[in-house]
Each structure stands twice: as structure tokens, then as C-alpha cells.
Amino acid sequence: MERKIVTEARAGSYESNDLLVSIKPNDDKINLEIRSVVSDMFYNSIEKTVLEELEELGVKSCNISIDDRGALPFAIKARVRTAVMRGSKNEL
């Protein structure tokens, strides 16, 4: 099932060990922007986690921005999922 992002949405915070996820509609493709305090070591892991979660949720196009403060993978997944649900206004 494809899930379409229809409105801008956010999830998370700027607190230490958390992240802020912002998602916006885009009809073309997934545009991912990642800013992270641990980007030198974990950029690829963060990118993979976000893209896998979007795929699992059926999101094919959106603008998504990640502002990471050292969040663990389970937190990244939860924040992405919450932002997608808010932005798509659909239930899983």
C-alpha cells in the first residue's frame, strides 16, 4: 500500500539522544537531508534506517529532514513513523 504525504508534519525534539524529523509533500521522489552530531560515524546507518522505515510504511515520495542529536535506531524509526502518520493522516 502506498502512503502519500499530504501535509507538513514533525516528530521528536532537539534534546540530547533524540532527533527532530520534518516531513513535507513531494510528488517526485524521496529527498532526504540528514544533519547529525555523529554524522562522521553514523551517517550511513541513519540514512539506511530512515529509508527502510519509509519503504516499510509505503512512502514513495516526500521531503524529509533529520536533525539528529545521537538517537538510537529504535528512536529514529519511531520518530520517522510518527512524522509519516501525521503527514499522511492515514492509519497503519
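**Reading salt bridges**

User: How do I read accessibility here: is D27 buried or exposed?

Analyst: At 66% relative accessibility, D27 is exposed. The cut-offs: buried is under 20% relative accessible area, exposed is over 50%, and partly exposed lies in between (1.4 Å probe, protein chains only). Before you go on, this is a predicted model, where local features need pLDDT of at least 70, side-chain atom pairs count only at pLDDT 80 or more, and totals for chains, interfaces and linings use all residues. Residues are numbered from 1 along each chain as its sequence is written, and side-chain values use heavy atoms, leaving out hydrogens and water.

User: Which side chain does D27 meet in a salt bridge?

Analyst: Side chains of opposite charge can pair when their charged atoms come close. The term needs a side-chain nitrogen of Lys or Arg within 4 Å of a carboxyl oxygen of Asp or Glu. D27 pairs with K4 at 2.7 Å, N to O. K4 sits in the segment before strand 1 (9-12) and D27 in the loop between strand 2 (19-24) and strand 3 (30-36), so the bridge links parts of the chain 23 residues apart. Strands are DSSP runs of E, at least two residues, and helices are runs of H or I, at least four, numbered from the N terminus. K4 is partly exposed, at 45%.

User: Where do E56 and R81 sit?

Analyst: Those two form a salt bridge at 3.0 Å, N to O. E56 is in helix 1 (residues 39-57) and R81 in helix 2 (residues 73-88), 25 residues apart. E56 is exposed at 58%, while R81 is partly exposed at 24%.

User: How many salt bridges does the structure hold?

Analyst: Nine. E33, R35, D67 and R69 are joined in a network of them.
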